[in-house]
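Here are my notes on this one, as promised. Have the model open while you go through the points.

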Amino acid sequence: MTGNIFFCLIPEIQTVAHGRQDKMLVCSCNFITEQEIIETIDSLLDEDCWQLIVPAKVYHAMQKRGRCCGCFPNVVDIIIRTTENYHARRHSTDDEIFDFMTRLKQFHEENRRADLERRQKGHRAA
């Protein structure tokens, strides 16, 4: 083989890789490409640009589910990169960032209260 040229034998992904692929397969269990994941993340961010996005949320939005979950570390990298690019294009203001932090603190406080309510009165750690 000469140089760094690789050919993909899957018909749907017949691209020549020179450091980049237009349809890179990320999840072979569900046959999901990087572009599909990016588009899903962008649509989630369009709904609420400050929401926390995790691989399970991306798969749920795509009406898929993680099977072996071996792709999740790569999906996390794509989520981070896509979210950073989204916010760089959007030029978020300090007011929006502050609002997000307020919402995040409120979320943590609500979950903390829910955890405390689940504890039984007579429960003691030994």
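1. Cysteines first. The sulfur of Cys 69 has its closest cysteine sulfur in Cys 68, and at 6.5 Å that is too far for a bond. A disulfide is a covalent bond between the sulfur atoms of two cysteines; the cut-off used here is a pair of cysteine sulfur atoms within 2.5 Å. Searching the whole structure gives 0 disulfides. As for cover, Cys 69 is partly exposed at a relative accessible area of 31%, whereas Cys 49 is buried at 11%. (Buried is under 20% relative accessible area, exposed is over 50%, and partly exposed is in between, with a 1.4 Å probe and protein chains only.)

2. Ground rules. This is a predicted model, where local features need pLDDT of at least 70 and side-chain atom pairs count only at pLDDT 80 or more, while totals for chains, interfaces and linings use all residues. Residues are numbered from 1 along each chain as its sequence is written, and side-chain values use heavy atoms, with hydrogens and water left out.

3. Confidence. pLDDT is the predictor's confidence in each residue, from 0 to 100. Its mean over the protein is 76, with 62% of the residues at 70 or more. Please look at residues 1-20, where pLDDT stays under 50. For that stretch the model has 20 contacts (heavy atoms within 4.5 Å) beyond four places in sequence.

4. Layout. The protein has 4 helices and 4 strands, in the order β-β-β-β-α-α-α-α from the N terminus on. These are DSSP runs numbered from the N terminus: helices are H or I with at least four residues, strands are E with at least two. Of the 126 residues, 25% count as buried. Among contacts with a separation of 6 or more, 46% are between residues 24 or more positions apart.

5. Gln 51. Where does Gln 51 sit? Its place is the loop between α1 (34-47) and α2 (55-61), and Gln 51 is buried, with a relative accessible area of 16%. Its side chain reaches the backbone oxygen of Leu 44 at 2.5 Å, and a polar atom of that side chain lies 3.3 Å from the backbone oxygen of Asp 48. A polar contact of 2.7 Å also joins the side chains of Gln 51 and Lys 57. (A polar contact is a pair of N or O atoms within 3.5 Å; within protein, one must be able to donate a hydrogen and the other to accept it, and residues adjacent in sequence count only if both atoms are side-chain atoms.) Leaving out residues up to four places away in sequence, Gln 51 touches Leu 44, Leu 45 and Lys 57. Arg 103 is 52 residues from Gln 51 in sequence, and their C-alpha atoms are 9.7 Å apart.

6. Thr 82. Thr 82 belongs to helix α3 (residues 72-90) and counts as buried at 5% relative accessibility. Residues up to four places away in sequence aside, Thr 82 touches Ile 38, Ile 41 and Asp 42.
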